[in-house]
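Work through the exercises below with the sequence and the 3D structure at hand. Each task is followed by a worked solution.

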Amino acid sequence: MPALSPTATVSDAAAVRHTLLLTTVHNLHDTPNFLASPVSTAARQTTDSLRIVILSPFFNPPSDSSDEGSLPQVEGGDASRAEGVNAPGISRTAHWDDVQRLLTFVYVQATKVAQDMGNILLDIDVLLRGTAEPFPDHVVQHAERIFSVLPHDTTLPVLPASLRDRQTEIIALEPDDHPLHTSPPPPRPADPSVPPLYPVVALGGTFDHLHAGHKILLGMGAWIAREKLIVGITDDALLGKKEYKEVLEPLAVRTARTRAFLELFRPGIVHDLVPISDVYGPTGWDANIQALVVSRETLPGAAAIAKRREEQNLPALRTFVIDVISATEASVDAEDAALLKTAKMSSTYIREWIVKNQRRLCSVQPGAAPS
């Protein structure tokens, strides 16, 4: 891994292809303002991929009775810290808004920097890892540079073996002190009828040129699934009217990239990826699905699914809404909403950039054919 000289500053360092940023959180409800500048630093020093891993006992598998009163405690001496490290995690459904706010904040910071630098295709992954879960070595092994950042008065959880072996390479970054964001609204009261996880969760989309908005949707679906996540992926035949369709990824590519992200974000559950040719997909006939994840824009599709399931005498689905993709709801604060408008998390934007870039290259190299 390229090392920094004793006199070099982080900003002086040459960019590398693959970067890893390690962090933790001590509070899920507040916006993680301390991460803004460190995420920007890591994104500016990366050409191909940036993985941001948030380690916390909050993300351990929850017990069946997880609620607001069962948050893991990691303060105190070695014994209490060890107990916290292995404690059950939070109820993932009760903390739906908190976790999507966390993912959105980090993805928006990194995506905006990448776009400002013209690195539109930078592959950004934000991963939530519990301290009691196995940490896959492949998350670390390709990193050429490793950063870490911690909120004040917080220690990084015990590192997995693959990271301890490279501990001397980790470059500590200073957390931001100033709050960039307004305080989020008070948490909603927990609904005791909602379990911490649902056995089978479903969602759908096109997932062309997989980007941060897709990864928030996919990640949140996997986050609340206990056994299986069903992902309906729009078949090629339905995409003929898309803008810049000449650079649309074929179904096989979109499926492979979606699966690769899910296996990275949430290993250990079944990822059932199926092509769909209508709004329903498996939700139109599968009685074993309990929950549906949609974006705010696709709520009409959720209503159509609910009507179809009622007509087929299938159990109703619990619907979870991703507010962040539209940046119109209270789960996203004003600052993130403003950044979302400029950090275009859109497949159309990416395809437009690819086409314009190909045209520019052709004009520089007459006779060259677009790839």
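**Overall surface and fold**

The protein chain exposes about 17100 Å², and carbon and sulfur atoms supply 53% of this area (Shrake-Rupley method, 1.4 Å probe). This is a predicted model, in which local features need pLDDT of at least 70 and side-chain atom pairs count only at pLDDT 80 or more, while totals for chains, interfaces and linings use all residues. Residues are numbered from 1 along each chain as its sequence is written, and side-chain values use heavy atoms, with hydrogens and water left out.

**Exercise 1.** State how many helices and strands the protein chain has, and what share of its residues is buried.

*Solution.* Step 1: the protein chain has 10 helices and 10 strands (DSSP runs, H or I of at least four residues for helices and E of at least two for strands, numbered from the N terminus). Step 2: of the 371 residues, 53% are buried (under 20% relative accessible area, 1.4 Å probe, protein chains only).

**Exercise 2.** Describe how H1 packs on H3.

*Solution.* Step 1: the axes of helix H1 (residues 36-44) and helix H3 (residues 96-116) come within 9 Å and cross at roughly 40 degrees. Axes are lines fitted to C-alpha atoms, for helices over the stretch in contact, and angles run from 0 to 180 degrees between N-to-C directions. Step 2: H1 is therefore oblique to H3 (angles under 35 degrees count as roughly parallel, over 145 as roughly antiparallel, 65 to 115 as roughly perpendicular and the rest as oblique). Step 3: Ala36, Val39, Ser40, Ala43 and Arg44 of H1 touch Phe105, Val106, Gln109, Ala110 and Val113 of H3 (contact means heavy atoms within 4.5 Å).

**Exercise 3.** Find how H3 and H6 are oriented to each other and which residues join them.

*Solution.* Step 1: the axes of H3 and helix H6 (residues 212-223) come within 10 Å, crossing at roughly 155 degrees. Step 2: the two helices H3 and H6 are therefore roughly antiparallel. Step 3: H3 contributes Trp96, Val99, Gln100, Leu103, Thr104, Tyr107 and Thr111 to the contact, and H6 contributes Ala212, Lys215, Ile216, Met220 and Trp223.

**Exercise 4.** Which residues of H6 and H7 meet, and at what angle do the axes cross?

*Solution.* Step 1: the axes of H6 and helix H7 (residues 251-265) come within 10 Å and cross at roughly 50 degrees. Step 2: this makes H6 oblique to H7. Step 3: Lys215, Leu218, Gly219, Ala222 and Trp223 of H6 meet Thr258, Phe261, Leu262 and Phe265 of H7.

Methods. Buried < 20%, exposed > 50% of the residue type's maximum accessible area, 1.4 Å probe, protein only.
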